[in-house]
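Keep the sequence beside the structure as you read.

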Amino acid sequence: MKTAAKVFIILGMIFQFYLIFPLILGAIALKKLKTAEKADDISTGWKIVTLLFVNIIAGIILLVMKDTDYTKA
């Protein structure tokens with residue numbers, strides 16, 4: 001699920017390249033997702049910001065992810 005969220009965030013950044021908010025917020029969300037080790041490491045606010053401004057699917061995936069989805073395989 002972590003990989004799917006990253007892919008949809010990147011797609012949202014690519015398709016909305018002409019807007020500044022998706023680029024900046026998507027980059028911050030990717031950075032937070034990279035360093036997150038459990039669900040509480042990314043606040044609900046950032047998940048909702050991703051949902052509204054970057055990509056709807058990525059935001060939904062971030063909201064439903066559990067702690068087991070953040071573990072590194």
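On one side of helix H2, Ile20, Lys31, Lys34 and Thr35 are exposed. Exposed means over 50% relative accessible area, buried means under 20%, and partly exposed is in between (1.4 Å probe, protein chains only). Helices here are DSSP runs (H or I, at least four residues), numbered from the N terminus. The other side of H2 has its own set: Pro22, Leu25, Gly26, Ala29 and Leu33 are the buried residues of this helix. They sit on the same side of H2 because they cover an arc of only 105° around the axis. That arc is taken over the directions from the helix axis to the C-beta atoms.

What do the buried residues of H2 pack against? They pack against H1, H3 and H4. H2 itself has 16 residues and reaches 23 Å from its first C-alpha to its last. That is close to the 22 Å expected at 1.5 Å a residue, where the expected span is 1.5 Å times one less than the number of residues.

A word on the source. This is a predicted model, in which local features need pLDDT of at least 70 and side-chain atom pairs count only at pLDDT 80 or more, while totals for chains, interfaces and linings use all residues. Residues are numbered from 1 along each chain as its sequence is written, and side-chain values use heavy atoms, with hydrogens and water left out. The predictor's confidence in each residue, pLDDT, runs from 0 to 100. Its mean for the protein is 91, and 97% of the residues reach 70 or more. Confidence is lowest in H2, at a mean of 93, and highest in H4, at 95.

Now go inside. The largest nonpolar core has 15 residues. Such a core is a set of buried Ala, Val, Leu, Ile, Met, Phe, Trp, Tyr and Cys residues joined through side-chain atoms within 4.5 Å. Ala5, Ile9, Leu33, Leu62, Met65 and Tyr70 have the most contacts inside it. Helix H1 (2–15), helix H2 (20–35) and helix H4 (56–64) each supply at least two residues of this core.

Look at Tyr70. Leaving out residues up to four places away in sequence, Tyr70 touches Lys2, Leu33, Ala36, Glu37, Lys38, Ala39, Ile42, Lys47, Leu62 and Met65. A contact means heavy atoms within 4.5 Å.

Thr50 is found in helix H3. Is Thr50 buried or exposed? Thr50 counts as buried because its relative accessibility is 1%.

Ile56 is found in helix H4. Ile56 is exposed, with a relative accessible area of 54%. Ile56 and Leu33 are 23 residues apart in sequence and 16 Å apart in space, C-alpha to C-alpha.

Finally, the rings. The whole structure holds two aromatic pairs. Rings of Phe, Tyr and Trp (its six-membered ring) pair if their centres lie within 6.5 Å; planes under 30 degrees apart count as stacked, over 60 as edge-to-face and the rest as tilted. Phe17 and Tyr18 have ring centres 5.7 Å apart and planes at 85°, so this pair is edge-to-face. Phe17 is exposed at 58%, and Tyr18 is exposed at 59%. Phe21 and Phe53 have ring centres 6.0 Å apart and planes at 45°, so this pair is tilted. Phe21 lies in H2 and Phe53 in H3 (residues 44–54), so the pair ties together parts that are 32 residues apart in sequence. Phe21 is exposed at 54%, whereas Phe53 is partly exposed at 40%.
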